[in-house]
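Subject: Structure handover

Hello,

Here is the structure I said I would pass on. My notes on what was found in it follow below.

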Amino acid sequence: PQAEAATRVIPLRTEAQLGHCIRAGFDSVVSVPVRLHERLLGEIDLFYRSAPVLTEDDRSLLDALAAHVAGAMEGLRAGALEREAAVADERSLLARELHDSIAQSLAFLKIQVQLLRDAVRRGDAVAMERVIGELDAGVKESTGDVRELLVHFRTRTNAEDIAPALQ
């Protein structure tokens with residue numbers, strides 16, 4: 001149980017219990033629990049060729065080491081969560097940008113294609129020319145929007161080196 005985990009010396013007695021360690025010449029393992037705020041994250045195992053005698057100072061030192069390891073693990077976890085959040089935010093921004101520009105442009109182009117079909121069916125050359133002009137303008141606008149999005153999402157700004165990002 002997590003609450004009962006404590007630094008302890010465990011003698012290696014049988015082949016069934018870490019036999020490969022016994023064959024390598026190890027006699028004992030010191031198990032040090034790694035905790036963060038009373039939550040057990042894991043353990044540090046130190047293997048010895050002869051049974052160690054741990055003083056209270058030794059135990060305090062090992063527990064302090066384990067606390068530092070727990071803090072480092074938590075820092076890594078928090079950093080990973082921050083990176084995940086940043087990726088999610090960027091994906092959300094990209095989705096909004098795509099919806100606000102590209103998706104609306106494509107919907108406009110779809111309407112124009114339907115108007116062109118109707119004009120072709122009626123044989124209305126003036127309407128066909130007008131719709132073709134609208135389609136041409138819509139495609140140019142969409143191409144511009146895509147280029148703008150690509151430039152926006154490729155540019156990485158760094159507070160210490162903003163001049164190259166602006167260029």
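Strand β2 is largely enclosed by the rest of the structure, because 8 of its 9 residues are buried. Please bear in mind that the model is a predicted one.

The sheet

β2 spans residues 28-36 and belongs to an open sheet of 3 strands, ordered β1-β2-β3 and paired in the antiparallel sense. The edges of this sheet are β1 (8-11) and β3 (39-48); each has a single partner strand, so one side of each is left without a neighbour in the sheet. On average, and with direction ignored, neighbouring strands are turned by 30° against each other.

The pairing of β2 with β3 is antiparallel and runs over 9 bridges. Among the bridge partners, V34 goes with G42 in β3, and V29 goes with F47, also in β3. As background, the strands of a sheet pair through backbone hydrogen bonds, in either a parallel or an antiparallel arrangement.

β2 and β3 form a hairpin with 2 residues between the strands, and H37 takes a positive phi there, near 50°.

Salt bridges

How many salt bridges does a search of the whole structure find? The search finds 5. In general terms, side chains of opposite charge can pair when their charged atoms come close.

One of the salt bridges joins the side chains of E74 and R39, at 3.8 Å from N to O. This pair links distant parts of the chain: E74 lies in helix α2 and R39 in strand β3, 35 residues apart. E74 has a relative accessibility of 23% and therefore counts as partly exposed. R39 also falls in the partly exposed class, at 41%. The pair is part of a network of salt bridges that links R39, E74 and R77.

A further salt bridge is formed by D124 and R122, whose closest N and O atoms are 3.5 Å apart. Are these two residues exposed or partly exposed? D124 is partly exposed at 29% relative accessibility, whereas R122 is exposed at 55%. The cut-off that matters for R122 is that exposed means over 50% relative accessible area.

K140 and D136 also meet through their side chains in a salt bridge, with 3.4 Å from N to O. Both residues are in helix α3 (residues 125-154), and because they are 4 residues apart, about one helical turn separates them. K140 has a relative accessible area of 56% and is exposed; D136 has 41% and is partly exposed.

Regards

How values were computed: Residues numbered from 1 in each chain as written. Predicted model: local features only at pLDDT ≥ 70, side-chain atom pairs only at ≥ 80, totals over all residues. Heavy atoms only, no water. Pairing = 2+ DSSP bridges. Axes fitted to C-alpha atoms, helices over the stretch in contact; angles between N-to-C directions. Salt bridge = Lys/Arg side-chain N within 4 Å of Asp/Glu carboxyl O. Buried < 20%, exposed > 50% of the residue type's maximum accessible area, 1.4 Å probe, protein only.
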